[in-house]
Amino acid sequence: MKYLIIGNSAGGIGAVEGIRQIDKEGGITVISNEPYHTYSRPLISYLLLGKITEDKRKYRGADFYAKNNVKLVHGTVKRIYPEDKQVILSGGEQVSYDKLMVAAGSSPFVPPFEGLDGVPAENRFAFMCLDDALNLNKALDKNKRVLIVGAGLIGLKCAEGILEKVAGVTVVDLAPRILSSILDDYGAKPFQELLESKGIEFRLSRGVKRFEGRTAVLDDGETVDFDILVLAVGVRPNTALLKDIAEIDKGIVINEKSETTAPDIYAAGDCVQTVDASSGESKIMALLPNAYIQGECAGINMAGGEKSFNKAIPMNAIGFFGLHVVTAGNYTGDKLYTEREGNGYKRLFYGDNKLNGFILVGNVEKAGIYTSLIRERTPLDSIDFALVCKKPGMMAFTREERNIKLGGGAV
Amino acid sequence: MGCHLCEYYCAFAGTDGSDMARALKGIKINPRIKIEEKDGISFAVSCRHCREPLCVKGCITGALTVADGVITIDRDRCVSCYTCVLSCPYGAVSPSDDGAVQKCELCVKTAEGTPACVRGCPNNAIVFEERECAE
């Protein structure tokens, strides 16, 4: 059996580890369009902070490819020929396969800003991959003013990572609050205050209307001068390789076996769209844990095993300067449970006997109990929900359920 | 019976000391095994070393790994993002006092064979054995 994996990040690595659980012999080729050992993308901001070294950014140990008998090819796939079971690389090289995995990731989304082309290329950066971080790092110095467009997870991790190295950082976002995709107004407030206290400036509820060289003109006419521009508006799934080959909606559509609609072609990670177990909607959840689990699931099925994964949910864990937030699920339901104390904030979103989502700022202890209630769609009347709201723990489950979970009956 | 001795043995297992009372006196311990108690019921919760470990699969750095069925944390590789805290259905991975997350590692790093909490439990309520999983 010949396995071909496009992508060398969480989805691709998950596929390798999934395949090797079943098939120790079959040849595995991984094609990566980056010239690096597998690394963890979310670590690029820590790299800029100087918190981790080059060795520690590796997502798997130095012997990963040798140990798993994987051939790593650095190249870019130009096209897939499913009828010939072959891909062709941009250099013309052909690689054939029996089972194909597409873990092609996502790319930064760049809105059509007026005047963006007038911003010199050497002053313009994305913050997505290792090269982005290394290039940005080279351009930084104490005299540079940085403008980041996008106050989401990527933009703010970038801001945290570079703050000490530059003259100033300003972050612009159309949304009225920072981290708007994962936090509500109350949850966003302590983070904004903390980041502002460290020196980051925000321009919220405003977008960039146009660029005039190294000046951004905002919607309300205010101008922000910058030396370095980082665009962190969002990401889009890399679906082009499977265009006209498999079903693509917003992302590549996969089922719970990580199969695409094309035979012998699987997909995982940021490039796919799948069902959110917390809402039932099919959507893109470009998050590392989902990518790995989808990849591993694909790998097991590619190698002839049996695996399903139908419990993907949105979940985020992130911290800035020591203040942490964890969130999961969807913020829907007609009922809320809220605790607020200082910077600490807990909000549970529930209704129809199910927990749908939560935000925990500050004390994140045992957050996984809540995540599990969302993931498993646990009927809230089967547990002591009043207790678990206040104090997440195994105590909220019935004795029988506890015996199963703690006594050896669970996964 | 809710004596919490396992929590103290756990905290002590991470120190170099030879005298538990001296090592932990005046310290607010942050053990890897934790007692839950309510209305006269109490039980200890620590890592189940799951066969399908969501903490390991979700770890963004590769700091959490499984070897011979035991899930351990490479503290040098952990960046304290807390994705594992968010993932663990038992609440058995927690922030530590010094950066990296912490979890029960069955005392494999202290090389004492039987975990300290098991040896220290006066009521033999904590056992160390492999059990078949439902799946």
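This is a predicted model: local features need pLDDT of at least 70, side-chain atom pairs count only at pLDDT 80 or more; totals for chains, interfaces and linings use all residues.

Me: OK, how many residues does the largest nonpolar core have, and which have the most contacts inside it?

Reply: The largest nonpolar core has 157 residues, and Met101(A), Val102(A) and Val230(A) have the most contacts inside it. Helix H7 of chain A, residues 288-302, gives the largest share of this core, with eight residues.

Me: What does Val102(A) touch?

Reply: Leaving out residues up to four places away in sequence, Val102(A) touches Ile6(A), Leu241(A), Leu242(A), Ile252(A), Ile265(A), Ala267(A) and Cys271(A).

Me: Back to H7(A). How many of its residues are buried?

Reply: 15 of the 15 residues in H7(A) are buried. The length works out too: at 1.5 Å a residue, H7(A) should span 21 Å, and its end C-alpha atoms are 21 Å apart, so the two agree.

Me: And what follows H7(A)?

Reply: Gly304(A) follows H7(A), with a positive phi near 95°.

Me: Switching to the dimer contact. How many residues does each chain put in?

Reply: Chain A puts in 38 residues and chain B 33 residues. On the side of chain A that touches chain B, the elements giving two or more residues are H7, strand S22 (315-320), strand S23 (323-329) and helix H8 (367-375).

Me: What's the breakdown of that side of chain A by class?

Reply: The side of chain A that touches chain B has 23 nonpolar, nine polar and six charged residues.

Me: How is chain A divided into domains?

Reply: Domain 1 is 2-107 + 236-302, domain 2 is 116-233 and domain 3 is 322-406. The centres of domain 1 and domain 3 of chain A, taken over C-alpha atoms, are 32 Å apart.

Me: Now strands. Do S13(A) and S14(A) pair in the parallel or antiparallel sense?

Reply: Antiparallel: S13(A), residues 208-212, and S14(A), residues 215-218, pair over four bridges. Arg210(A) has Val217(A) in S14(A) as its bridge partner. Their hairpin has two residues between the strands, and Gly213(A) takes a positive phi near 65° there.

Me: What about S14(A) and S15(A)?

Reply: S14(A) and S15(A), residues 223-225, also pair in the antiparallel sense, over three bridges. Ala216(A) stands opposite Val224(A) in S15(A). This hairpin has four residues between its strands, and Gly221(A) in the turn has a positive phi of about 95°.

Methods. Residues are numbered from 1 along each chain as its sequence is written. Chains are lettered from A and ligands numbered from 1 in the order in which they are written. Domain bounds come from an automatic or database domain assignment. A nonpolar core is a set of buried Ala, Val, Leu, Ile, Met, Phe, Trp, Tyr and Cys residues joined through C-beta atoms within 7 Å. A residue is buried if 20 or more other C-beta atoms lie within 10 Å of its own, exposed if 12 or fewer, and partly exposed in between; C-beta atoms are placed from the backbone. Two residues are in contact if their C-beta atoms, placed from the backbone, lie within 7 Å. Ala, Val, Leu, Ile, Met, Phe, Trp, Tyr, Cys and Pro count as nonpolar, Asp, Glu, Lys and Arg as charged, and the others, Gly among them, as polar. Two strands pair if DSSP finds at least two bridges between them. The expected span of a helix is 1.5 Å times one less than its number of residues.
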